[in-house]
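Q: Could you take me through this structure feature by feature, giving the general idea before the particular case?

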Amino acid sequence: MMEEFHNIRRLPLYVFEQVNSLKASARAAGADIVDLGMGNPDLPTSQSIVDKLCEAAQDPRTHRYSTSRGIPGLRRAQANYYKRRFGVTLDPEKQVVATLGSKEGFANMAQAITAPGDVILCPNPTYPIHAFGFIMSGGVIRSMDVTPDDSFFPPLERAVKHSIPKPTALILNYPANPTACVASLDFYKEVIAFAKKHDIIVLSDLAYAEIYFDGNPPPSVLEVDGAMDVAVEFTSMSKSFSMPGWRMGFAVGNERLIGALSRVKSYLDYGAFTPIQVAATAALNGDGSDIAEVRDVYKTRRDVMLDSFSRAGWDVTPPESTMFAWTKIPEPFSDLGSLEFSKLLVEKADVAVSPGIGFGEHGDEYVRIALVENEHRIRQAARNIKRFFAENGHETSDKADNVIDLTSHR
């Protein structure tokens, strides 16, 4: 009993917990930490969605066990959303299953399809569950590039040629967490052609489909002709509707894969609380104004962050999408690595960010900055960082701190 359990041995210590511990200690000592670390939306859920939850909860019939696949109205609402947003037709009975967020969906899909030793092609850096859901299921991860262009495909061909056994699944994550890059429909067409050629499953995480800033909505891989033969896509209401704690997401796509996921889930859970599913149904059937308001808030915060951090001496890479910026550690701190730099920001600048190493070894030159504080707090973070840089000999801009110039990022 003193030896570590097998599955636990396969999981490294959670990198983010080290930063979280420092945050907690600093706050206990009275520090005012501006937390741009965890991607935990601070925006309230729309009142109309909350009201629908409360209304449904008054009906005692909703207090009983629900269904792990999702109530029929919710699955129909998700199918209708895909039809409106992507032009994709889904059978809500066979091609849609509700999940407890996209994270649970990914983990249980891994349970459903993975045999011990199966090779999974996974982007690096990426959201941790993409890799560790399969690792916990006995799979082996082969890391891939994350850039959605022509450079993506030669490593895939090498992986198929040199991996034993041949890879069984390819994970996609666009708009990407943490890198914020977006894939085009042409890219997805090449991915589906590759997957069909090599008999590989495609698992696409589309959790940030509605958080984009250039007026060009990101596509779904299921828009590609024939994608339904090999692909499943995971979405979440956490960011689009500011419903992170509600734990409501979906898996949609290939009927056989959705059936396998549904079967695993039927053994593990009874689904989300029925009033949550009723409220989620109302949200999906809405006019989209809730989503637009959330998107506008993140765009404004992004613009404020880019300008205020630039004046502080940190030229953050402008994100195309998501609620994150993924940017290199500034000189002269790059040699520290992302974890030590993130710790230093908490200790010396009262600002928390996520170390890139937490998303994979190829992320160690970067940090992820989450837009989960209001504009005033983002400017405060920039002032703290500017002071920290000045104390460490890092040059900053001469622009006044109270000038907000957004024109360069329009």
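Q: What volume does the second largest pocket have?
A: A definition comes first: on a 1 Å grid over the protein atoms alone, a pocket is an open set of points where a 1.4 Å probe fits, with protein on both sides within 12 Å along at least five of seven lines. Grid points are joined across faces, edges and corners, and the volume is the space filled by probe spheres set on the points. Read this way, the second largest pocket has a volume of about 520 Å³. The model is a predicted one, in which local features need pLDDT of at least 70 and side-chain atom pairs count only at pLDDT 80 or more, whereas totals for chains, interfaces and linings use all residues. Residues are numbered from 1 along each chain as its sequence is written, and side-chain values use heavy atoms, with hydrogens and water left out.

Q: Which residues of the lining lie nearest the centre of the second largest pocket, and which element gives the most to that lining?
A: Lining residues have an atom within 4 Å of a grid point, while helices (H or I, at least four residues) and strands (E, at least two) are DSSP runs numbered from the N terminus. The second largest pocket is lined by 25 residues, and Pro-12, Pro-128, Ala-131, Phe-132 and Gly-358 are those nearest its centre. At least two lining residues come from each of α2, β3 (119-123), α6 (128-136) and β4 (140-144), and α6 gives the most, with five residues.

Q: How does the lining of the second largest pocket divide by class?
A: Ala, Val, Leu, Ile, Met, Phe, Trp, Tyr, Cys and Pro count as nonpolar, Asp, Glu, Lys and Arg as charged, and the others, Gly among them, as polar. On that scheme the lining of the second largest pocket has 18 nonpolar, five polar and two charged residues.

Q: What volume does the largest pocket have, and which elements each supply at least two residues of its lining?
A: The largest pocket holds about 640 Å³ of space, and the elements that each supply at least two lining residues are α2 (15-28), α5 (101-113) and β11 (354-355). With four residues, α2 gives the most to this lining. Of the 33 residues that line the largest pocket, Met-38, Gly-39, Lys-103, Tyr-127 and Lys-239 lie nearest its centre; by class, the lining has 15 nonpolar, 12 polar and six charged residues.

Q: How many helices and strands are there in the protein, and why is it as compact as a globular protein of that length?
A: There are 13 helices and 12 strands. The radius of gyration is taken over C-alpha atoms, and the globule rule is 2.2 Å times the number of residues to the power 0.38. Here the radius of gyration is 22 Å, close to the 22 Å that the rule gives for 410 residues, so the protein is as compact as a globular protein of that length.

Q: Where do the cis peptide bonds at Pro-175 and Pro-178 lie?
A: The bond joining Tyr-174 and Pro-175 is cis, with omega about -10°, and the one from Asn-177 to Pro-178 is cis with omega near 20°. Pro-175 is placed in the loop between β5 (169-173) and α8 (185-198), and Pro-178 also has its place in the loop between β5 and α8.

Q: Is Ser-242 buried or exposed?
A: Buried means under 20% relative accessible area, exposed over 50%, and partly exposed in between (1.4 Å probe, protein chains only). Ser-242, at 1% relative accessibility, counts as buried; although not a glycine, Ser-242 has a positive phi of about 50°.
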